[in-house]
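Please look through the structure below from one end of the chain to the other, and then follow the explanation, which begins with the elements and ends with the contacts.

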Amino acid sequence: MNALATTTVRKNLLEREGYTPYCGEALMCTAGLPRTTWDGAQFRCRCGWRSEFPADFIAAYKARWGIPCDASTEPDFFTAMAVGIPPISAPAGPAPAPAETTSEQENE
Ligand SMILES: [Zn+2]
């Protein structure tokens, strides 16, 4: 356990705009134990340390400060394409008629 486990840090993160926790490496930090920076999903130190806040806390943090939920996961669509997973886009089943009425494409 480290400082991230304390409720004080979490409280500050949700109550003080711009607050970031100190590096969690403590004595092992090679960057001088600075405050960490938000990287879009967790807090990261220049020494390479990265926080491990649970997803529910991160979600609360993002919601508190209006951070876009998918700021760091934007390329997921392309990742899905690369590995052959069809992205969730067009809904299955009868859809409203598109602007162009091309009845030739009804075949499966
Ligand atoms: Zn560090």
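The protein chain holds three helices and two strands, where helices (H or I, at least four residues) and strands (E, at least two) are DSSP runs numbered from the N terminus. Along the sequence these elements follow the pattern α-β-β-α-α.

This is a predicted model, in which local features need pLDDT of at least 70 and side-chain atom pairs count only at pLDDT 80 or more, while totals for chains, interfaces and linings use all residues. Residues are numbered from 1 along each chain as its sequence is written. The mean pLDDT (the predictor's confidence in each residue, from 0 to 100) of the protein chain is 80, and 58% of its residues reach 70 or more.

Helix α1 (residues 7-15) packs with helix α2 (residues 55-65) at an angle of about 25°, and their axes, 9 Å apart, are lines fitted to C-alpha atoms over the stretch in contact, with angles running from 0 to 180 degrees between N-to-C directions. That angle makes α1 roughly parallel to α2, a description used for angles under 35 degrees. In this packing, Arg10, Leu13 and Leu14 of α1 meet Phe57, Ala60, Tyr61 and Arg64 of α2, where contact requires C-beta atoms, placed from the backbone, to lie within 7 Å.

Over the whole protein chain, 10% of the 108 residues are buried, that is, they have 20 or more other C-beta atoms within 10 Å of their own.

Definitions and conventions. Parallel < 35°, antiparallel > 145°, perpendicular 65-115°, else oblique. Contact = placed C-beta atoms within 7 Å. Buried ≥ 20, exposed ≤ 12 C-beta atoms within 10 Å, placed from the backbone.
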